Amino acid sequence: MATLDGFRGKDFLEQITILNEISGSKDAQCLPGLMDLFENPTGDTGVDYMVVGALNAILGTSEAAVVDGLSSLSLPYRTLCIRTAGEYAFASAAKPLTAMAAKETDPDLLAEILASLAKIRPVGGAAVFRTFLAHPDQMLAAMAMEMAGVYSDPSALPALMETVRKAGAEGSYEQCDLTTWKAIDALAAIATPGSIGFLVENIHHKNPTARRIITDALVRLGEATLPFLEPVYANGATDDRILACNIAGFIGARKGADALVKAFDSGCFTDPNVRYAAFEALGRIGTLKGLVCLVDGLEESDELILMAVVVGLERHAAPGVLKTISERISAGTENSPRICRAIVAARALRLFQELYKDELVGDRLIDALKLSQDQEILDAFAQRLNEIATDRSRSDAATLPQARVATRKAIAADDSKSMLALYRRILTDMGFEPLLAANGQEAYAYVENGEFADVVITDMNMPVMDGVELVGKLRGSLGYDETPIIMVTTESENSQREVAAKSGVNAFVTKPFKPEALKEALRQLLGD
Amino acid sequence: MDVELAKPFVKAAMDVIGTMAFMTPRAGKPFVKKNTIATGDVTGLVGLTGEGKRGSVSISFQKACAVAMVKNMLGDDIQDILQDVKDAVGEITNMISGQARAGLAEKGLVLQGSTPTVIMGDNHSITHIAKSPIMAIPFETDAGSFTIEFCFE
């Protein structure tokens, strides 16, 4: 059996062999010797590290020794015992650890104690963590919040809500605190009607990062979130309604679509931005009722909304849907050309292929296609026509124009597919080559790859990198210090615009906008 | 638990930079970013895996801070400032990662660290590939600032 007699006199190889053996045998008789080595280290980092390992291995077999060690006068040994108690989840350590947590003032040691308690997870342990929810040390408070979530501690709700509320107070919304994140996640984990309701009330939180974390949490909660969204459709502010629609779309549950349709039917969605978001969500979910509602959306005159409708229908091109679209186009009403343009701009190739079978509808679509200035779109449809491989389709493909060669480039960043399709159309119409990006990071990748754009259009709220940060980064990049930047946003709060303006935005355009309005803004900025 | 993972890195950063570069970093208020970008002039980056977790930790220094750190470490013996900064940041990142992982191992959390990578370039950006939010802890020193960022999944 390995013994520690004369350990310090032995050479390195012997020492580590002995320690290795002790780690394996976990012989409790070696404990005093190891403690001596731990208290008075050899000075060789490797050996000292192994001493800790061996000590930890033995302590792991002796709950009583660990609990005893919690009251050791030696701080390093006490710390080791705190850690070991957690690692092996020694239940009897919970009580002394709880007592220590109440008395200890050093944040580092407190963190050790709380981490250990978190692993033991004693019954009724929520009370200890609750006392740290508002601790000035953010790390400790964050740990306590994580545990409030683990314990599903309803008594923690007021403190958690207060944290989220404070983060939206004037002057504190530019940066998101660690505790705000943890409080939101804990509220979602506790998942009482009160906590979910609170998160929904705060979907348009002033802090953009917090807002995104709340959205993610509500999407994660899935169907449990849906009943809380319904009152927002009816009574929420415009921005809240838009976000509620987005969340329902991301959750993707049938019930969510039903509620959206109901809200449509009861006239809750009169604002064009809300309609846009609702159609986008319905397209994402794709239930029968939702499709009927989308088909009704073909009556919309706003091109942007029409695009959201078409994108949604493209995903679920059922025969009934196709028949209706076909009828609308062949009816030759005021909206027929708009629908055709939306199909072209949204690059709805599946719809196109089916609708094209009808000669009259096909001709109208080809007419809309001929107006496009976008080479990529023209190529995509030409290719599809050639694949259809009838005499008519081949001859139609041959008549499609070649787009003008673009001499200018524009970056457009937006996380909505329909918005990007709209930008593509507007930009190509104006003779720009569009560089499209689904978020700020993708947009910035163009710049990093050495692309130079004459103008940048960006959304404000996007995942991964938002518009404000993108603008900040562009302004710091060579060649982009004076490039005109337009921010397109639905944000109604001035505070958000201030942040954006500070980062270097030249002009704002508020959604919804007529394509002509954006074109005008572009012309003004570029002096065309 | 993310916070428990982060804590040893913060402590290690203060220890290592204090010991090696004779600077006293003051930790600022931690914050969260939903985007995954770290920015700085010189960044040391390590990937971590183990215990069903994977993630990355980056330490991004402002140029002035990195240079001051190198000067403190090497004294007047600076041969090639760029090379020396790169080496120093790599070395410091490695030490921080090592010390923090040793601390975590004592709690039974064994993480493997990759060899550090150093990225240089004024105001560059680094992307942490993660779905979860990034925890960032800003530090101030008399010579400039640096930020540690964590992401774990």
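Tutor: A crossing is right-handed if the near helix is turned clockwise from the far one by less than a right angle, and left-handed if anticlockwise. This is a predicted model, in which local features need pLDDT of at least 70, side-chain atom pairs count only at pLDDT 80 or more, and totals for chains, interfaces and linings use all residues. Residues are numbered from 1 along each chain as its sequence is written, and chains are lettered from A in the order in which they are written.

Student: Is the crossing of helix 27 and helix 28 of chain A left-handed or right-handed?

Tutor: Helices here are DSSP runs (H or I, at least four residues). Where helix 27 of chain A passes helix 28 of chain A, the crossing is right-handed.

Student: Why is helix 27 of chain A called roughly parallel to helix 28 of chain A?

Tutor: The axes of helix 27 (residues 440–448) and helix 28 (residues 467–475) of chain A come within 9 Å. Angles under 35 degrees count as roughly parallel. Helix 27 of chain A is therefore roughly parallel to helix 28 of chain A, the axes crossing at roughly 15 degrees.

Student: Which residues of helix 28 of chain A meet helix 27 of chain A?

Tutor: Contact requires C-beta atoms, placed from the backbone, within 7 Å. From helix 27 of chain A come A:Gly440, A:Ala443, A:Tyr444 and A:Val447; they meet A:Gly467, A:Glu469, A:Leu470, A:Lys473 and A:Leu474.

Student: Which helix supplies the largest share of the side of chain A that touches chain B?

Tutor: The contact takes 31 residues from chain A and 22 residues from chain B. Elements of chain A that each supply at least two residues to this side include helix 3 (45–59), helix 9 (138–150) and helix 13 (208–221). The largest share, five residues, comes from helix 9 of chain A.

Terms used:
Axes are lines fitted to C-alpha atoms, for helices over the stretch in contact, and angles run from 0 to 180 degrees between N-to-C directions. Angles under 35 degrees count as roughly parallel, over 145 as roughly antiparallel, 65 to 115 as roughly perpendicular and the rest as oblique. Two residues are in contact if their C-beta atoms, placed from the backbone, lie within 7 Å.
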